[in-house]
Amino acid sequence: MDKTLLKTIAWMTGTIISFSVMAVAGREISAVHDTFEIMAFRSIAGFALVAAALTVTGQWKTVSRSNLRTHAFRNVFHFTGQNLWFFAIAIAPLAQVFALEFTSPLWAIFLAPLFLGDRITRVQLTSAMIGFVGVLMVTRPGVGEMTWGVPTAAASAVFFALTGLLTKRLTRVESVASIMFWLTLMQMVLGAVGAGFDGQVTWPTAETWPWLVLIGVGGVCAHFCLSSALALSPVAVVMPIDFTRLPAIAVVGAFLYGEVLDFWIICGAAVIFAGNYLNIMSSRPQKT
């Protein structure tokens with residue numbers, strides 16, 4: 001097997017493990033800490049990790065203040081999406097939350113003209129329609145009891161799409177180190193404000209601190225591993241590997257929480273993946 005592909009698989013394995021750890025840790029402490037508190041304490045751990053990495057690698061000079069407004073919008077969107085995500089994983093099946101998260105690239109199709117000036121093509125519109133069919137398969141409105149976790153997970157995907165579009169804009173003028181620094185710093189401030197808004201803050205205990213640290217480290221590692229994989233291989237290679245997050249988290253949910261391995265969630269997620277993959281393949285430059 002090609003060495004580049006092996007490295008890509010290794011980085012994506014780290015991504016899948018990191019996201020799964022975040023989901024489990026978030027659910028484990030959801031009865032003690034609200035989502036704002038989780039975000040605040042998670043960002044403290046993440047900021048410490050990023051600051052240490054900048055110090056060790058000597059990259060503080062790459063941290064720029066020239067695009068603070070864009071950073072602020074990006075982090076408000078990301079903060080909102082992440083809070084919705086943590087809320088969803090506490091009350092909905094983990095596989096269902098991850099499946100709906102995969103709709104984020106499809107939402108980006110409709111939002112890209114507003115934020116990046118891109119035009120929507122027929123193939124992109126077809127991709128989005130295929131993805132919508134997949135969403136209906138995952139959620140099956142009118143069948144069974146609908147919890148708040150489903151619309152919350154779907155909404156988080158929209159905010160993650162907005163985050164991704166602004167990240168793409170920032171990568172044109174900013175280093176990854178700078179983006180990660182402002183991400184963790186702003187998320188920490190937003191989390192602190194949100195956690196203290198109602199005047200009641202539940203401070204970490206000996207039982208919850210390890211989970212909060214896992215969430216913080218897992219978040220940084222997930223983004224770093226995913227960025228490293230994308231630096232080695234095109235999205236068309238990375239995305240099929242990333243899709244294995246769904247069966248992986250479905251097994252985790254079944255093993256730890258007794259969640260049913262729902263056939264419709266797996267099939268719906270596969271349809272969502274097909275819509276995303278069609279869009280990716282159509283965007284590849286044609287060989288001449």
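## Salt bridges and cores

By the rule used here (a side-chain nitrogen of Lys or Arg within 4 Å of a carboxyl oxygen of Asp or Glu), the count comes to three salt bridges. This is a predicted model, where local features need pLDDT of at least 70, side-chain atom pairs count only at pLDDT 80 or more, and totals for chains, interfaces and linings use all residues. Residues are numbered from 1 along each chain as its sequence is written, and side-chain values use heavy atoms, with hydrogens and water left out.

Here are the pairs:

| Salt bridge | N to O distance |
|---|---|
| Arg27 and Glu259 | 2.5 Å |
| Glu101 and Arg245 | 3.6 Å |
| Asp242 and Arg245 | 2.8 Å |

Let's take Arg27 and Glu259 to begin with. This pair ties together distant parts of the chain, 232 residues apart: Arg27 sits in helix H1 (residues 3–28), while Glu259 is in the loop between helix H11 (245–257) and helix H12 (263–283). Helices here are DSSP runs of H or I, at least four residues long, numbered from the N terminus. Both Arg27 and Glu259 are buried; that label means under 20% relative accessible area, with exposed being over 50% and partly exposed in between (1.4 Å probe, protein chains only).

Now for the other two bridges. Glu101, Asp242 and Arg245 are linked in a network of salt bridges. Glu101 in helix H4 and Arg245 in helix H11 are 144 residues apart, so to speak a link between distant parts of the chain. Arg245 counts as buried because its relative accessible area is 5%. Glu101 is buried too, at 12% relative accessibility, and Asp242 gets that label at 13%.

What is Glu101 in contact with, leaving aside its neighbours within four places in sequence? The partners are Trp85, Ala157, Phe160 and Arg245, where contact means heavy atoms within 4.5 Å.

Trp85 turns up again in the nonpolar core. A core of this kind is a set of buried Ala, Val, Leu, Ile, Met, Phe, Trp, Tyr and Cys residues joined through side-chain atoms within 4.5 Å. The largest one has 41 residues, and Trp85, Phe86 and Leu246 have the most contacts inside it. Helix H4 (residues 94–101) supplies the largest share of this core, six residues. Apart from it lies another core, of ten residues, including Val63, Ala177, Met186 and Val220.

Notes:
Helices (H or I, at least four residues) and strands (E, at least two) are DSSP runs, numbered from the N terminus.
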